[in-house]
Amino acid sequence: MPLGEEMAIPNDFEVVKGSAASPAAVELRLPDVGRALRNFVISREAGEFLSGALAGAMTKAVLAPLETIRTRMIVGVGSKQIAGSFLQIIEENGWQGLWAGNTINMVRIIPTQAIELGTFEYVKRMVSSAQEKCKDQGNRKLQVGHLKMDLSFSWISPIAVGGAAAGIVSTLTCHPLEVIKDRLTVNREIYPTISLAFRKICKDDGVGGLYAGIFPTLVGMLPYSTCYYFMYETVKSSYCQSKKKKNLNRAELLVIGAVSGLTASTISFPLEVARKRLMIGKMQGKCPPNMAAALAEVIREEGLLGLYRGWGASCLKVMPSSGITWMFYEAWKEVLLMDKFKQ
């Protein structure tokens, strides 16, 4: 350090002058955690996070029976018909059997929907903001030989990027809960409770067992999540423009959400079938080594139509689930954000 130049002291530190016999003491000021927490609670991100959690919880509470039937049909447990599966569950486990795994479903869906919807909104805004900043600064281009690249990335859809990020982040965070839920749904005798299922999976397969099938889950989630959010935002925006409306009513949100869920589920359903096969296969003693093998096994045993086994039950679950989720989510955003962050 040059002579005569004083050392700068960060704002979080305070120099306390001591006596002549003692050197100056440096006191550390801790950040105001309470103020930071209050700022987060009233932030846009917190409102979207909480709206997603509440919407997911309310939707799952209503539609749990369809989720139970759908999971059993996809993995090949019991009847291949929706009505037959419904009656079989009641005969074997009573009415409460329709809500098998519902506790873990609720524990799973609250953080999953909160993280997924919150991530989608945040990433979509960040990508849009970055594109606007690049546009204001002038579109920069990189030329390599005869190839020119637009570095503003204006061709990238913020909605698609947000949807992909939402699926990846929520899957990585909440996949263990999905594994436990599937075990509870398919075999209540071996996995009667959440805590016992957790301990048995860790004992038999180690912690890695909680992430069984994570790769095929990500492979299946990426096209689903991207298509799902892209469809919803695109159809919603187009409908608002055609009707010259700024906001949609609950019935319109319900229909648009349902159509978005149906489209995304239909496109990615074969990957969902393969994913479920991989996750549940070990319990049945015939676990395919990878997703391609799982798809080949389904085609060999059941033909191409086997790739869409349980699709009807899935549509009955996905369409109302998607529609109701978006309806509740938009409603909760109106309540919690109170127009503070509307553009």
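**Terms and values**

Tutor: Residues 251–274 are 100% helix and 0% strand, with end C-alpha atoms 34 Å apart. The model is a predicted one, in which local features need pLDDT of at least 70 and side-chain atom pairs count only at pLDDT 80 or more, while totals for chains, interfaces and linings use all residues. Residues are numbered from 1 along each chain as its sequence is written, and side-chain values use heavy atoms, with hydrogens and water left out.

Student: Which feature does UniProt place at residues 209–231 and 251–274?

Tutor: The unreviewed UniProt entry lists both ranges as "transmembrane region". UniProt positions follow the numbering used here, with feature names shortened, and such annotations may be inferred rather than shown by experiment. In the model, residues 209–231 are 78% helix and 0% strand, and their end C-alpha atoms are 34 Å apart.

Student: Why is Thr112 called buried?

Tutor: Buried means under 20% relative accessible area, exposed over 50%, and partly exposed in between (1.4 Å probe, protein chains only). Thr112 has 10%, so the label is buried. Thr112 sits in helix α4, residues 102–136. Leaving aside neighbours within four places in sequence, Thr112 is in contact (heavy atoms within 4.5 Å) with Ser170 and Cys174. Across the protein, buried residues make up 41% of the 343 residues.

Student: Is Trp155 buried or exposed, and how do you know?

Tutor: Trp155 has a relative accessible area of 64%, and is therefore exposed. Its place is the loop between β4 (147–150) and α5. The C-alpha atoms of Trp155 and Gln131 are 9.6 Å apart, and the two residues are 24 apart along the chain.

Student: What is the phi value of Lys244, and why is Lys244 called exposed?

Tutor: Phi of Lys244 is near 55°, a positive value in a residue other than glycine. Lys244 lies in the loop between α7 and α8. At 78% relative accessibility, Lys244 is over the limit and so counts as exposed.

Student: What makes a set of residues a nonpolar core, and which residues have the most contacts inside the largest one?

Tutor: A nonpolar core is a set of buried Ala, Val, Leu, Ile, Met, Phe, Trp, Tyr and Cys residues joined through side-chain atoms within 4.5 Å. The largest has 18 residues, and Tyr228, Tyr229 and Trp326 have the most contacts inside it. At least two residues each come from α4, α5, α7 (214–243), α8 (250–281) and α10 (311–337). The largest share, six residues, is from α7. Not counting residues up to four places away in sequence, Trp326 touches Leu117, Tyr228, Tyr229, Tyr232, Leu253 and Gly257.

Student: What makes a space a cavity rather than a pocket?

Tutor: On a 1 Å grid over the protein atoms alone, a cavity is a set of points where a 1.4 Å probe fits but cannot get out; a pocket is an open set with protein on both sides within 12 Å along at least five of seven lines, and lining residues have an atom within 4 Å of a point. Grid points are joined across faces, edges and corners, and volume is the space filled by probe spheres set on the points. The structure holds one cavity of 30 Å³ or more. The largest cavity contains about 770 Å³ of space. Its lining has 37 residues, of which Arg108, Glu116, Met221, Tyr224 and Lys317 are the closest to the centre.

Student: How many residues of each class line the largest cavity?

Tutor: The lining has 11 nonpolar, 15 polar and 11 charged residues. Here Ala, Val, Leu, Ile, Met, Phe, Trp, Tyr, Cys and Pro count as nonpolar, Asp, Glu, Lys and Arg as charged, and the others, Gly among them, as polar.

Definitions and conventions
Helix = DSSP H or I, 4+ residues; strand = E, 2+ residues; numbered from the N terminus.
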